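Please examine the sequence and the model displayed below. The briefing that follows is arranged by topic for a reader new to the structure.

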There are 4 protein chains.
Amino acid sequence: MIIQIEPNIKEAELQALTEKLESLQYNTSQVSTQFGEYIIGVGKRAFDIRAIGTLPGIRDIHRVSDAYKLVSKKWKVRDTVIDFGEGVKLGSGHFGMMAGPCSIESEEQIESTIKHLQANQVRIMRGGVYKPRSSPYSFRGLGQEGLKMWYQQAQKAGIRIVTEVMMTEQIEDMYDYVDIFQVGARNAQNFNLLDALGKVDKPVLLKRSMSGTIEELLQSAEYIFSNGNEKIMLCERGIRTYEKAYRNTMDVNAIAMLKEKTHLPVIADPSHGIGLRSFVPPIALASVMAGADGVIMEVHERPEKAFSDGQQTLSYQEAERLYKGLRQAYELRSSL
Amino acid sequence: MIIQIEPNIKEAELQALTEKLESLQYNTSQVSTQFGEYIIGVGKRAFDIRAIGTLPGIRDIHRVSDAYKLVSKKWKVRDTVIDFGEGVKLGSGHFGMMAGPCSIESEEQIESTIKHLQANQVRIMRGGVYKPRSSPYSFRGLGQEGLKMWYQQAQKAGIRIVTEVMMTEQIEDMYDYVDIFQVGARNAQNFNLLDALGKVDKPVLLKRSMSGTIEELLQSAEYIFSNGNEKIMLCERGIRTYEKAYRNTMDVNAIAMLKEKTHLPVIADPSHGIGLRSFVPPIALASVMAGADGVIMEVHERPEKAFSDGQQTLSYQEAERLYKGLRQAYELRSSL
Amino acid sequence: MIIQIEPNIKEAELQALTEKLESLQYNTSQVSTQFGEYIIGVGKRAFDIRAIGTLPGIRDIHRVSDAYKLVSKKWKVRDTVIDFGEGVKLGSGHFGMMAGPCSIESEEQIESTIKHLQANQVRIMRGGVYKPRSSPYSFRGLGQEGLKMWYQQAQKAGIRIVTEVMMTEQIEDMYDYVDIFQVGARNAQNFNLLDALGKVDKPVLLKRSMSGTIEELLQSAEYIFSNGNEKIMLCERGIRTYEKAYRNTMDVNAIAMLKEKTHLPVIADPSHGIGLRSFVPPIALASVMAGADGVIMEVHERPEKAFSDGQQTLSYQEAERLYKGLRQAYELRSSL
Amino acid sequence: MIIQIEPNIKEAELQALTEKLESLQYNTSQVSTQFGEYIIGVGKRAFDIRAIGTLPGIRDIHRVSDAYKLVSKKWKVRDTVIDFGEGVKLGSGHFGMMAGPCSIESEEQIESTIKHLQANQVRIMRGGVYKPRSSPYSFRGLGQEGLKMWYQQAQKAGIRIVTEVMMTEQIEDMYDYVDIFQVGARNAQNFNLLDALGKVDKPVLLKRSMSGTIEELLQSAEYIFSNGNEKIMLCERGIRTYEKAYRNTMDVNAIAMLKEKTHLPVIADPSHGIGLRSFVPPIALASVMAGADGVIMEVHERPEKAFSDGQQTLSYQEAERLYKGLRQAYELRSSL
């Protein structure tokens, strides 16, 4: 249920409303859009709307019958821009690039990557410290220790950090060292994690699940948004199809369609999207032309030595050429 | 790494080995198969195997290069049978049926279902109390309170409970009231949850993820097994394909192939597998013929009133006919 | 357009009707169902139905708005049985098995196969003489010459022949030597071929296309049926999915659904359906349990030497065991 | 088998070679690449290569073990450019646009379309006269009569015609009125049609089949090429996936990969590729960025009245904006 409250609602009225909802076993969170202020109530059982409709301070009450609402363009007309501070913005005219290794490996690797990013005016660095691995015997990342090491260098360099969070319990520990919490494809429907990230005030990069539909991706975003966190970026990272020539099939159609359905920024992940290094540049360029607000890429000083899988990782030289091309493509698209 | 230990290893030797591994930042767990006793060590970095190879009490050391090992037939030749007590068994000659509603709704519903199951000698009851829902606005189940209510009735009736666990934090609370922890399709690659269930001594029903491969399913099982819990059932629940005539495409090929690759029991979920009530019986029968050790089905006194979605739910009458057919099909297949 | 004619329509009335339709540039064919006699008219442009509605001998006129009509159960309630003579029947209580090599290779191979079939009371032999091959450099079959050689032996042995026709021009030449014209997956939407086979009075085995939908398969059958040939068997032969563990993913769901939608017999092709020899038996048995009226299988005296691809071909011993199992499964299913 | 012949082979030698091959029941065709002249021989049975290896005029003999050879970049290094005369070229620096209605409907429609194309310097017009239709009751196009009407206007205007051919028998009749023979998705593995088009001296636009692999598309092209026709364009037109938000899923990955594997031009068909009008422009632009040498689009004066399905058809205004964008995108990509 979405309750629109009066702009001049009194503190006491707001509290009365919240208490009433909680007495009905509804969890509440507060959200604001260009149309006004809202209380989102999610509860176990339907009840007679009139039980709260007469409380003071309420302008309107919406039952939610659509699969998603807050993340749709109907609900928020103007595109969301996410501001990471120090001039780093993403969305609606601000093109964002995120690059870095698959896994954070060492102090030297971090240093080398940061130099490469700075030389190319890329302000957001990606890298895994908690790695979801299909096999239990694989390396699962450097963990918290690696994250702190990374943070120290990144902070000095004015570089933002995006890294994957895999479970609710990690959020608190990671919070101080992370600029963007990434939700991986395997956790895109881990609803408890989404709920928890909705209560955090840092941006979330939400990947489409392994073979998730566009509707499911938007619903997962709605989980985060309805808990109060509006800073969400959606990420297309390839789907599974019958075609075996690539590791995944990048679905640029999803990028175009998401841009029509939602006000949230859309990011392309061509490294996972096609999964083959030599095809990352054309697929990245295609994604921008289809409407992407940003691109996240794997880059490594020596891709063939990269942990854990350099097959989809660009060298610095390849990445440099691509950054330029992407900026030109974004400019061209914006002018059309 | 998998370390085979001598059958007559001394307590002190075992402790020395475990400490040594932990000093190398390896987590350890103990597993036994028909071939002997093993220590599974999962760690961040490779090290020289000779550092432990000379310790007393060790018979052999295996590096794990395969995607999965412990769950494969190579590792354990005899098929796993899971014993739920009071004569309820599943696997290798013991056909298992699990039936019940999508969601636990009320005391009356539980009572009615249990009567139906008892009348048909079905010993395991399914039902959701924590429901993963695509939309944040949907009913998410009765939770712990519903589980306790259910447990009281089931225990008296000698009925086993299988229900979904969605996060690590729930395991402890649910433990006393659950006979089988179900991992849903959306959490099939939630590796932290799998790790945690590997440390529990109750059986796990592990569903194939939304568009998971057979290899990934076996790897997810390996997560549980390598943590020490060998009581795992694998569940085929339909995959996503281009065909829009059904809600999912039940992949009976997976059942046949899993039976060749693993010693673990394989369960078919035709209710989700095809997702359309009138097709549940033929698909259930086909699954048994393809090799399934058990079938899990949605059944409700009044399917059209079932929460949350009765489209794939059988009536009692339909279910009764199906139970009989399934038993005959299982008998026929066993005789071929 | 489907025009129901009066049972006692006069020859002159029928001719007047046909001529009228042809003057409107409509092609016509005559079809009969349990409800009566019909004229099917397919033309380029819609016209005012009253232009023919007043002609004598017409009972009713149906515009066709559904995707398919004549092949649906609504149109013909009783299941179609196809009679191949000499007691060989298929459909509605008559279980049919078809077995033989991928390609007809030699006189000796034909002889050996026929002996094997006779010893097992299998009355229909499959084999390719015109082979659709992805690569232009591959062997394309023995052609007409091979077909005649095959026919001579089959006829003596009372064995029916099912073989693939690839183009309209082949129909006439093949006609005298073929009992069932098979349309392969790659030609399942070759509409000219379907039209032509609709004008032939021999049965057609129509395969689902590579990634065809159930609706498309029924529409392709409608092409044949609406041209006047009602002897059609539909064949499920596996679809393409993301799963790489098998060559194709046998879709038993399609078998169950087709049995509900159409009165035509449904055949399972497990050899292509999963494409791996050791899985052909379980998938064949599953298909029968899901509702198949028949099974078509690849069998060869020495599968490892079979042309062109023995990976999905059973040995005689494997096939013998399977025939028995299939008959028992069919019997069980019929009794449920 | 591919036989490289000496550049100075004598007429008599060539004839002797051809006769020898035909006596071995091999069909032959002649092909030339940048490396020299070749005879392609396709036959029923393997034979001892020495039977022809000693004939005069032969430089080398290649057995074909790869899935395709002549269409690969290994075989022909320089990209193929197709010249349609009067300055209309496509491939390797020549960007090609093809636009027009789904179906040719009337003289007025042709006139209007040609004016629109001329105003925008688009030189190739698409349109269907023989329409493959899933349902036998649907309009199948104006046929030969419509083609002639179209040809008269197109010729005067210097516009090239691309239209679908559905069967071998149509080739001869269509030949005089067609500039590019299009092979539709449903006929992409109609090998007899491909063989026949390989013997024609007009360019072929070959679509990827409904759920065809990249390898199969290249093998289908090899059918045409090995018969002697080297003027082939490959066309990506969307594949089938589980995602139901679009009618098809345009696979831009295929465009990027085809450009690496083959020297043949690659065309994008965004109208069918995503199948929804408002997404045709972003997907077309993305396709060019991924490497497409040309784009084929559906355009109609009044899309909502277009036959047979205007859902994927652009209006003139929309198309005009897109043509400009595509040219700029092609220019940018060429400069990167």
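**Briefing**

In chain C, I2(C) stands opposite H62(C), a residue of strand 4 of that chain. This is a predicted model, in which local features need pLDDT of at least 70 and side-chain atom pairs count only at pLDDT 80 or more, while totals for chains, interfaces and linings use all residues. Residues are numbered from 1 along each chain as its sequence is written, and chains are lettered from A and ligands numbered from 1 in the order in which they are written. Helices (H or I, at least four residues) and strands (E, at least two) are DSSP runs, numbered from the N terminus.

**Strand 1 of chain C**

- Strand 1 (residues 2-5) of chain C is joined to strand 4 (residues 58-62) of chain C by 4 bridges, and the two run antiparallel; strands count as paired if DSSP finds at least two bridges between them.
- A residue is buried if 20 or more other C-beta atoms lie within 10 Å of its own, exposed if 12 or fewer, and partly exposed in between, with C-beta atoms placed from the backbone.
- Strands of a sheet pair through backbone hydrogen bonds, either parallel or antiparallel.

**The barrel of chain C**

- In chain C, 8 strands close into a barrel in the order 7-8-9-10-11-12-13-14, with parallel pairing.
- From one strand to the next, the twist averages 25°; axes are lines fitted to C-alpha atoms, for helices over the stretch in contact, and angles run from 0 to 180 degrees between N-to-C directions.
- Helix 10 (residues 280-290) of chain C lies across strand 13 and strand 14 (294-298) of chain C and runs at about 165° to strand 14 of chain C.

- Chain B has a closed barrel of 8 strands, running 7-8-9-10-11-12-13-14 with parallel pairing.
- Strand 7 (residues 96-100) and strand 8 (residues 124-126) of chain B pair in the parallel sense over 2 bridges, and M98(B) stands opposite I124(B) in strand 8 of chain B.
- Helix 6 (residues 191-198) and helix 7 (residues 214-226) of chain B pack at an angle of about 40°, with their axes 6 Å apart.
- That angle makes helix 6 of chain B oblique to helix 7 of chain B; angles under 35 degrees count as roughly parallel, over 145 as roughly antiparallel, 65 to 115 as roughly perpendicular and the rest as oblique.
- Residues making this contact include F191(B) and L194(B) of helix 6 of chain B, and Y223(B) and I224(B) of helix 7 of chain B; two residues are in contact if their C-beta atoms, placed from the backbone, lie within 7 Å.

**Strand 9 of chain D**

- Strand 9 (residues 160-164) of chain D is mostly covered, with 5 of its 5 residues buried.
- Strand 8 (residues 124-126) of chain D runs parallel to strand 9 of chain D and is joined to it by 3 bridges; I124(D) has R160(D) as its bridge partner.
- T163(D) lies in strand 9 of chain D and counts as buried because it has 25 C-beta neighbours inside 10 Å.
- Leaving aside neighbours within four places in sequence, T163(D) is in contact with residues including G127(D), L147(D) and V178(D).

**Contacts between chains**

- Between chain A and chain D, 32 residues of chain A are in contact with 32 residues of chain D.
- The largest share of the side of chain A that touches chain D comes from helix 10 of chain A, with 7 residues.
- The contact between chain D and chain C takes 28 residues from chain D and 29 residues from chain C.
- Helix 7 of chain D gives the most to the side of chain D that touches chain C, with 5 residues.
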